[in-house]
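This report is an introduction for a reader new to the structure. Please have the sequence and the model at hand while reading.

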Amino acid sequence: MITLLLGGLLAAVYFLLRVTLLKLPRCKSDAKLHGKTVVITGASSGIGKETAMDLARRGARVILACRDRERAEAAVQEIIQETGNQQVLFMQLDLASLLSVRTFAENLLQSESRLDLLINNAGVLSDGQTDDGFGMMFGVDHLGHFLLTVLLLDRLKTSGPSRVVTVASNSYRRSKLDFSVLLDHRDSALGSNYSQIYKKYCNSKLCNILFTCELSRRLQGTNVTCYSLHPGLIRTQLGRYLGIWMKVFVMPFFYLLFADPKSGAQTTLYCALEQGIEHLSGHFFSCCTLQLNIGSKARDDAAARKLWDLSESFCRLSKTHKLVSGDGSGFS
């Protein structure tokens with residue numbers, strides 16, 4: 001009897017947590033997107049897939065930019081079936097390869113006459129190296145998205161008003177970005193144990209925020225705005241990158257206490273759709289709300305400029321694709 005009572009009490013507490021503290025706000029925009037084109041990275045599952053589903057329901061032409069063809073094509077078919085929108089398609093993109101990023105951008109610019117919304121959603125939580133020798137999380141979470149955004153900016157400008165939305169994380173608070181390590185080792189931190197891998201993840205999320213800040217500064221005077229965000233504690237497939245013992249200990253809490261991907265997509269949708277936030281370009285959002293009290297490391301303009309310059313160097317951008325610093329008037 002006592003066991004049953006305790007079980008019932010725990011269930012009641014969990015339910016209350018679910019409908020109060022663990023419940024995330026919803027994007028309330030009723031915007032329609034007929035005639036608009038959207039690119040979402042990492043949209044074959046999780047937050048990206050739910051974001052694609054919502055935008056497809058609004059009538060957008062939605063391009064799922066993904067590495068895994070089989071999973072992406074299955075997601076495309078599911079979204080078409082759920083929304084009735086036939087303008088949902090897959091294009092191959094591997095953010096761990098700068099060549100793949102360049103190829104994707106070239107193909108997109110040839111096939112799409114406009115681009116209204118770029119959502120940098122993809123992310124990994126694993127160690128290793130990219131095809132170009134960068135740390136996996138720095139290379140995928142930041143550098144691949146940096147290059148993709150820069151290569152597509154002209155199309156975003158001609159389609160404006162347009163937006164760039166980058167999914168970051170509150171994990172930036174535990175970051176410690178060392179530019180000397182980036183220069184010497186092409187990664188944001190050293191080591192390969194769990195704590196060091198998590199540090200690399202936190203650093204990559206700080207890079208997302210700093211990138212958005214500097215991008216906004218360089219786009220001043222244009223009709224392109226940009227935002228970064230924390231989606232919340234969400235059950236996504238980032239957990240698939242964990243080792244077996246970490247999964248044993250972490251995954252039960254992961255599924256019990258984290259919100260579902262649809263909830264995780266809400267702040268992304270808010271930043272993509274909400275009218276009247278254009279003057280907040282470059283800022284950080286969470287729970288569909290502007291976050292004013294962010295850490296000083298995420299407001300470091302000098303670090304943001306340094307990261308941008310270093311990223312340009314790593315990507316070997318030509319003068320044609322270097323965004324002018326200052327008035328945002330174009331490319332040099």
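In which sense do strand S1 and strand S4 pair, and over how many bridges? Strand S1, residues 37-41, and strand S4, residues 117-120, pair in the parallel sense over 3 bridges. Val-39 has Leu-118 in S4 as its bridge partner. The model described here is predicted.

## The sheet

S1 and S4 belong to an open sheet of 8 strands, with the order S3-S2-S1-S4-S5-S6-S7-S8. The pairing in this sheet is mixed. Strands of a sheet pair through backbone hydrogen bonds, in either a parallel or an antiparallel way.

At the edges are strand S3 (88-92) and strand S8 (289-290), each of which pairs on one side only.

## Helices across the sheet

Helix H5 is formed by residues 136-158 and lies across S1, S4, strand S5 (162-167) and strand S6 (224-230). H5 runs at about 170 degrees to S4.

Helix H7, residues 194-218, lies across S4, S5, S6 and strand S7 (284-286). Its direction is at about 160 degrees to S6.

## Packing of H7 and H11

H7 also packs with helix H11 (residues 301-315), at an angle of about 90 degrees and with the axes 8 Å apart. Because of that angle, H7 counts as roughly perpendicular to H11.

On the H7 side, the residues that meet H11 are Cys-207, Leu-210, Phe-211, Glu-214, Leu-215, Arg-217 and Arg-218. On the H11 side they are Ala-303, Ala-304, Arg-305, Leu-307, Trp-308, Asp-309 and Glu-312. Sorted by class, this contact has 8 nonpolar and 6 charged residues, and no polar ones.

## The second largest pocket

Rolling a probe the size of a water molecule over the atoms shows where empty space is left. The second largest pocket has a volume of about 320 Å³. It is lined by 15 residues, and the closest to its centre are Asp-116, Pro-161, Arg-163, Ala-272 and Gln-275.

S5 and helix H10 (266-273) are the elements that give two or more residues to this lining. By class, the lining residues of the second largest pocket are 7 nonpolar, 4 polar and 4 charged.

## Backbone details

Most residues other than glycine have a negative phi, and most peptide bonds are trans. Where does Pro-161 lie? Pro-161 is in the loop between H5 and S5. The peptide bond from Gly-160 to Pro-161 is cis, and its omega is near 5 degrees.

Arg-186 is a residue other than glycine with a positive phi, near 55 degrees. Arg-186 is placed in the loop between helix H6 (179-185) and H7.

Note on methods: Residues are numbered from 1 along each chain as its sequence is written. This is a predicted model: local features need pLDDT of at least 70, side-chain atom pairs count only at pLDDT 80 or more; totals for chains, interfaces and linings use all residues. Side-chain values use heavy atoms; hydrogens and water are left out. Two strands pair if DSSP finds at least two bridges between them. Helices (H or I, at least four residues) and strands (E, at least two) are DSSP runs, numbered from the N terminus. Contact means heavy atoms within 4.5 Å. Axes are lines fitted to C-alpha atoms, for helices over the stretch in contact, and angles run from 0 to 180 degrees between N-to-C directions. On a 1 Å grid over the protein atoms alone, a cavity is a set of points where a 1.4 Å probe fits but cannot get out, and a pocket is an open set with protein on both sides within 12 Å along at least five of seven lines; lining residues have an atom within 4 Å of a point. Grid points are joined across faces, edges and corners, and a volume is the space filled by probe spheres set on the points. Ala, Val, Leu, Ile, Met, Phe, Trp, Tyr, Cys and Pro count as nonpolar, Asp, Glu, Lys and Arg as charged, and the others, Gly among them, as polar. Angles under 35 degrees count as roughly parallel, over 145 as roughly antiparallel, 65 to 115 as roughly perpendicular and the rest as oblique.
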